[in-house]
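Hello,

Here is the structure I promised to pass on to you. Have a look at it first, and then read on for what turned up.

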Amino acid sequence: MTYAPYPALRLRRTRASAWSRAMHAENRLSPSDFLWPLFVTEGQGVEEPIAALPGVSRWSVDLMVERARDARDAGIPCLALFPNTQADRRSDDGAEALNPDNLMCRAIRAIKDAVPDIGILTDVALDPYTAHGQDGLLDDTGYVLNDATIDILIGQSLNQAAAGADIIAPSDMMDGRVGAIRAALEQGGHPNVQIMAYAAKYASAFYGPFRDAVGSRGLLKGDKKNYQMDPANGEEALREVALDLAEGADSVMVKPGLPYLDIVARVRDRFAVPVFAYQVSGEYAMIEHAAAAGAGDRDALILETLLAFKRAGCSGVLTYHALHAARLLGA
Ligand code: PBG
């Protein structure tokens with residue numbers, strides 16, 4: 001490709017007016033790009049603001065239904081639910097994840113009942129249910145066991161699917177869990193329940209506020225580096241994605257988001273599959289604190305970062321800004 005030299009070519013020409021910029025925009029955000037992560041808590045009429053995530057609250061099931069209506073009305077296609085399990089229901093083996101009447105399942109059923117036309121994605125990992133805050137079962141040395149954890153994740157997935165979850169999203173990073181969950185869903189009468197694999201999930205410092213939100217920060221000892229990925233690695237992310245696709249994932253996710261847009265772009269280039277990114281809690285907090293400190297206009301910061309995900313090749317983004325951004329775009 002050759003270009004005419006200046007002054008025949010002036011790239012500023014097409015930028016000179018708003019109509020022309022609109023016409024030449026390569027990417028565009030819409031509310032249907034957003035998946036909205038929400039935290040559910042016990043009780044009735046309860047809203048618990050989360051200090052580490054300014055502007056984000058946990059909601060009891062009845063109020064969660066209201067949030068689902070807000071999301072649907074704003075054009076958001078899908079919610080991502082996370083439970084703040086009561087302390088006395090957490091255990092070393094995370095068995096509450098298998099309880100058909102646990103907080104998650106009650107929230108799923110209530111939303112599906114009241115707002116049947118919105119999708120529900122559910123996280124599969126044991127950390128909101130374990131007394132130690134790790135995503136799986138531990139051996140005597142504290143190592144997170146792979147295969148024994150998968151057996152429970154299968155049960156957790158079937159439990160969520162039976163309650164009405166549309167997309168199962170394993171976020172635990174155990175090897176082989178996507179194939180095992182896919183097989184169980186097929187055999188268990190859930191052939192149309194999707195799997196969105198947290199395929200390239202990094203052991204990140206950006207998850208701190210989330211762990212507050214689900215009540216696992218104080219419980220967690222150590223880190224998650226023996227199962228989540230090393231932030232140093234990019235090639236390995238491509239192997240993770242290839243494996244999860246081979247095991248039957250319908251779509252893949254990269255997480256965190258902004259610091260890992262190179263991974264999004266590489267996955268998009270290599271595989272012709274839907275790629276999602278999770279703009280995680282620490283990224284959300286970073287934007288909120290920056291805006292509060294006067295470092296930039298909040299709405300502009302939000303929309304610019306979300307647009308960056310589209311430019312990198314994302315089909316959609318999980319973001320705590322989903323409702324606000326959808327309303328901005330809809331206005
Ligand atoms: C659970 C899980 C985590 C997040 C999503 N699912 C935390 C973790 O892996 O420690 C983080 C999301 C966020 O920070 O917004 N495995």
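To begin with a question: in a crossing of which hand does H3 pass H4? The crossing is right-handed. Please keep in mind that this is a predicted model.

Here is some more on that pair. Helix H3 covers residues 103–114 and helix H4 covers residues 146–163. Their axes lie 8 Å apart, and the helices pack at an angle of about 25°. Angles under 35 degrees count as roughly parallel, so H3 is roughly parallel to H4. On the H3 side, Met104, Cys105, Ile108 and Arg109 make the contact, and they meet Asn159, Gln160 and Ala163 of H4. By type, the residues of this contact are 4 nonpolar, 2 polar and 1 charged.

Next, the annotated site. An unreviewed UniProt entry gives Lys201 and Lys255 the annotation "active site". The two are spread over 55 residues of sequence, yet they cluster in space, with a largest C-alpha distance of 4.8 Å. Both Lys201 and Lys255 belong to the lining of the largest cavity. Lys201 is part of strand S7, which runs over residues 194–201.

Lys255 also comes up in the backbone: its peptide bond to Pro256 is cis, with omega near -10°. Pro256 sits in the loop between strand S8 (251–255) and helix H8 (261–270). Another cis peptide bond joins Tyr6 and Pro7, with omega about 10°, and Pro7 belongs to the segment before helix H1 (18–24).

Finally, take a look at Met173, which is not a glycine but has a positive phi of about 65°. You will find Met173 in the loop between strand S6 (167–170) and helix H5 (177–187).

Best wishes

Definitions and conventions:
Residues numbered from 1 in each chain as written. Predicted model: local features only at pLDDT ≥ 70, side-chain atom pairs only at ≥ 80, totals over all residues. Heavy atoms only, no water. Axes fitted to C-alpha atoms, helices over the stretch in contact; angles between N-to-C directions. Helix = DSSP H or I, 4+ residues; strand = E, 2+ residues; numbered from the N terminus. Parallel < 35°, antiparallel > 145°, perpendicular 65-115°, else oblique. Left-handed = near helix turned anticlockwise from the far one by under 90°. Contact = heavy atoms within 4.5 Å. Nonpolar A, V, L, I, M, F, W, Y, C, P; charged D, E, K, R; others polar. UniProt positions renumbered as here; feature names shortened; annotations may be inferred. 1 Å grid on protein atoms, 1.4 Å probe; cavity = no way out; pocket = protein on both sides within 12 Å on 5 of 7 lines; lining within 4 Å.
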